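Welcome! Take a look at the model below, and then let us walk through some of its side chains and one of its helices together.

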Amino acid sequence: MADYDEILQSANVHFKRGVELFNAGDMEAALLELDRAVASSPSSARILHSRGKVQQRLGNDAALSDYSEALYLDLEDEFGYSRAIELDPENAHGYFVRGDASWVAYRAPEALEDFNRAIEIDPSLAAAYRERGSIHNYLNEHAAALVDYDKAIELDPKDAEAWFGHGWTNAELGNTEAAFADYAKTLELDPKFAAAYNNRGDLNWKLERREAARSDFEKAVELNPRWTDAWASLGRIHYELGDWVAAQTAYDQSVELSSEDGTLYFDRGLVYLAWGKKEEALADFERAQAFGYEEALWNKGLMLEELGRLPESVAAMDKYYRQNPDRQEGREWLEELRKIVEDEA
């Protein structure tokens, strides 16, 4: 029994340290402490939920498994959310954390119900408005989301996540300058908020402020080097700026992180094509097709023709048009190519 008590005490020490570090914005150190807490107490829904929160902030896919496991263990955990609610039906925080775990697992109806109940019990619970706002965005109810984020910020003006959500919502509503201001406030409160740099980079890119976008995406991947989308966005900016080496490097990182995403191979293939590296471009277009990005078949056909492999080019283009019978562009060129192949046969 003494050994069990020591293990539980160790888990709680690491758990508390992890939460303190999370609140201080040091996500990497928080993750190390919560890893130790989980190692000591792997069946604690509360600890797994907290580690999931850190993983989510870091952009790690492991967040989903932590939240899902926390929900699974919840009913058996004496410190679990449902147990807390069972013991105290007016426990607003219990409803909030259970809703939070459900939401990250994309169980939106259950999460919304719990956030509504948490707010009903405690209308001053800022985080519940913030998370309910994110559900409204998920449901494309952006006006309702903005109302919830406004309330969250009113109650807790130092909540960087609420300002970030407010910015995302303003961007969706077309309120671009307001979105920029929201992301600036987010970064003022939390300079390590990688997603704010990424989203501001997207806004800069849409406004064709490419240098500003590049700076934002570079900061996003510096803060979270395992973020596939941010690397891909950085690759796209380098491509548009004509920096083929930097573009390839960024896409290499994105492909390494997400090796079965056909769109990433396709985009890197475009870099190689612009760079004049035809064999490398062809290889990436073929990989893109293999991973389900069928539009790459058109580019594969063009590259085969560029490389003088005309029969293979005709075969690829024939397959493409069978899959896309309504597309007319390039059909005359294909027939001319087919005639050349027939004449050479």
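## Charges over rings

Let us start with Arg236, whose charged end sits over the ring of Trp205, 3.8 Å from the ring centre. A charge sits over a ring if NZ of Lys or CZ of Arg is within 6 Å of the ring centre and within 35 degrees of the ring normal. Arg327 does this too: its charged end sits over the ring of Trp298, 3.9 Å from the centre.

## How to read the values

This is a predicted model, in which local features need pLDDT of at least 70 and side-chain atom pairs count only at pLDDT 80 or more, while totals for chains, interfaces and linings use all residues. Residues are numbered from 1 along each chain as its sequence is written, and side-chain values use heavy atoms, with hydrogens and water left out.

## Rings in pairs

How many aromatic pairs does a search of the whole structure find? There are 14. Rings of Phe, Tyr and Trp (its six-membered ring) pair if their centres lie within 6.5 Å; planes under 30 degrees apart count as stacked, over 60 as edge-to-face and the rest as tilted. The rings of Tyr106 and Tyr138 have centres 5.9 Å apart and planes at 45 degrees, so this pair is tilted. It links distant parts of the chain, 32 residues apart: Tyr106 is in the loop between α6 (92-104) and α7 (108-121), and Tyr138 is in helix α8. Helices here are DSSP runs (H or I, at least four residues), numbered from the N terminus.

Tyr106 counts as exposed at 55% relative accessibility, whereas Tyr138 is partly exposed at 43%. The cut-offs are under 20% relative accessible area for buried and over 50% for exposed, with partly exposed in between (1.4 Å probe, protein chains only). Together with Trp103, Tyr106 and Tyr138 form one aromatic cluster.

## A look at helix α10

Helix α10 covers residues 160-172, 13 residues in total, and reaches 19 Å from its first C-alpha to its last. That is close to the expected 18 Å, a span worked out as 1.5 Å times one less than the number of residues. Among its buried residues are Trp163, Phe164 and His166. What covers the buried residues includes α3 (45-58), α8 (126-138) and α9 (142-155).

Now for the two ends. Asp159 caps the N-terminal end of α10, with a side-chain oxygen 3.0 Å from the backbone nitrogen of Glu161. Following α10 comes Gly174, whose phi is positive, near 85 degrees.

Methods. Helix = DSSP H or I, 4+ residues; strand = E, 2+ residues; numbered from the N terminus. Contact = heavy atoms within 4.5 Å. Polar contact = N/O pair within 3.5 Å; in protein donor to acceptor, adjacent residues only side chain to side chain.
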